[in-house]
Amino acid sequence: PVQKELLNPRLLDKKELRNLVQEIKLQQLVPIISKENVKIPIKYFKHKMIFFGIYEFDIIGNFFFNLIDYDELNNPVKDEFGRSKENELIFINNQEAPFVNQLLWMVDLAIKDAVKNNDSLFLLRKDFWQNGKPFAAVFSHTVYSLQKWNLHKIFKSSFVEFLKFWHFKYNVKSFFDKMKFLFTNIEEYWKFDDIREIENQHGVNSTYFFYATNGNEIDYSLGDEDLQNEISALQKEYNEISLLASNNSSRDDILESEKDNLKKIINLEEVGIRHYLNKFNPQFTIEYHKKHGFIYDSSRTFLKNFGFVNGMGFPYYVHQLLVPTQQNVPQFQSRYIELPITFSDRNLRISKYKTLPFEEAKTIVNNLIETIIKTNGFIHFDFSISSFSEIKYGQQIYNYIIQKVKEHNGFIGNCMQITNWWKKRERVEIIENEIGALIQFPENIDNFTLELLGNYNVEKVDGAKSAIDGPKIIFNNILAGTKVQIFIGKIE
């Protein structure tokens, strides 16, 4: 069944959408939008050599609904940055699971079943991640503040603490922090060494997002010699430096100068971008990102919750709503890759004076990792520099997360590495022929794995060194322009 209204954000209001929401049971409960009451999401039919399935709801429309951010576009109540209130999003109670991944898993399973039930069919399937890893993870750091104290902040906070004297424990810690700063000039928010120590211990690298302009909301400058030395040290250890956009850049076309300022410091042309606190206006920001050549964006996140925005647990292409045609038919254009944030340490703070218990934070992390493994997806952890000072167990939880990702054999890369891999994977061509399939690699790839589906064996691979492990074909150190012929034979 086709629901055309899912393709046009103007045709359903919030109340109508809520009335159409229901849940189906896959690996987890998955929210969908459907006019029909769906009990069994897909039905299979087989007759001799014919095998097909019928989805009992508009699965394409549901994919599109989440991909274009329909719920956000359709929400009339927004703040100055174009953001909706999280509790008004129709799928907010399902955000802890990547439900779009679950729908993709169902499609993938149906394709596998179709191939398995037809002796004349085979498919070569690309693994999602290098080395056949079950999921991918990114660690990033939003550097929105490097100055906890100055004389103005000390006097202002002391006055507030005097008025709120009942927060005794917090006030005592704050007092000693101020004294430490006044007598030693040690900045509480300057936690680069602490982060690098944890990451070096585990052999991982990450992405740091820095402001590259001056403004009222910014308390540091890229012109500072100490900061430049920190950035240089981070780059030497293969960490990525990207742009943290200023608040006004979501509406005003000023990103070119900010990007140029950062490029002068890092001596690189390719740059990613983030808008802090999801200050991202779809009406303007998407166009500015494309115009100024940012490789990826990593802004989409929840401000109060943990989980997968729009149910997306993969890197995906942002789609921009273009000016409607005379027929009032909406048009969307694919722009660039989005790496949504799943877990932000900012949300561990319930208030200025209280954080989630450490054990509860660990449970949230475990649940997020377990649910993303089920669908070979992507998970993104963001830790701001300042939170390592404000959250008493900040270093402990960061160390715990990296340990868990490595225990579960996750593929770890920084934002640029994940983006480049996703693009390279997409560009590998598979061309079926009479003897199997021709594989074309347009770019250098360190590691790439294919899986043969169907009642066939891999007999031989010509054109590149490879390892055959059952239905898996593993390539290493492939050069751009390589063409590989895979020979297959039917299982007797």
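Predicted model: local features only at pLDDT ≥ 70, side-chain atom pairs only at ≥ 80, totals over all residues.

**Entry 1, cavities.** How many cavities of 30 Å³ or more does the whole structure hold? I searched and got 2.

I started with the second largest cavity, at about 50 Å³. I count 13 residues in its lining, and those nearest the centre are Arg 274, Leu 277, Thr 301, Ile 341 and Arg 346. Sorting that lining by class gave me 7 polar, 3 nonpolar and 3 charged residues.

Then I went to the largest cavity, which has a volume of about 110 Å³. Its lining also comes to 13 residues, with Leu 89, Phe 91, Ile 92, Phe 99 and Asn 310 lying nearest the centre. By class I noted 8 nonpolar, 4 polar and 1 charged for the largest cavity.

**Entry 2, a sheet.** Next I looked up an open sheet of 4 strands. I read its order as E16-E17-E22-E19, and the pairing is antiparallel. Which strands sit at the edges? They are E16 (429–433) and E19 (456–462), each of which pairs on one side only. From one strand to the next, I get an average twist of 25°.

I zoomed in on the E19 end. There, E19 pairs with E22 (residues 482–490) over 6 bridges, in the antiparallel sense.

Last item: H7 (residues 192–202) against H8 (residues 225–236). A reminder on the description: two packed helices are given by the angle between their axes and the distance between the axes.

I find the H7 and H8 axes coming within 12 Å and crossing at roughly 5°. Angles under 35 degrees count as roughly parallel, so I wrote down H7 as roughly parallel to H8. Which residues make the contact? From H7 I listed Phe 192, Asp 193 and Arg 196, and from H8 I listed Leu 227, Glu 230, Ala 233 and Leu 234. By class, that contact has 4 nonpolar and 3 charged residues, with no polar ones.

Methods. Residues numbered from 1 in each chain as written. Heavy atoms only, no water. 1 Å grid on protein atoms, 1.4 Å probe; cavity = no way out; pocket = protein on both sides within 12 Å on 5 of 7 lines; lining within 4 Å. Points joined across faces, edges and corners; volume = space filled by probe spheres on them. Nonpolar A, V, L, I, M, F, W, Y, C, P; charged D, E, K, R; others polar. Pairing = 2+ DSSP bridges. Axes fitted to C-alpha atoms, helices over the stretch in contact; angles between N-to-C directions. Parallel < 35°, antiparallel > 145°, perpendicular 65-115°, else oblique. Contact = heavy atoms within 4.5 Å.
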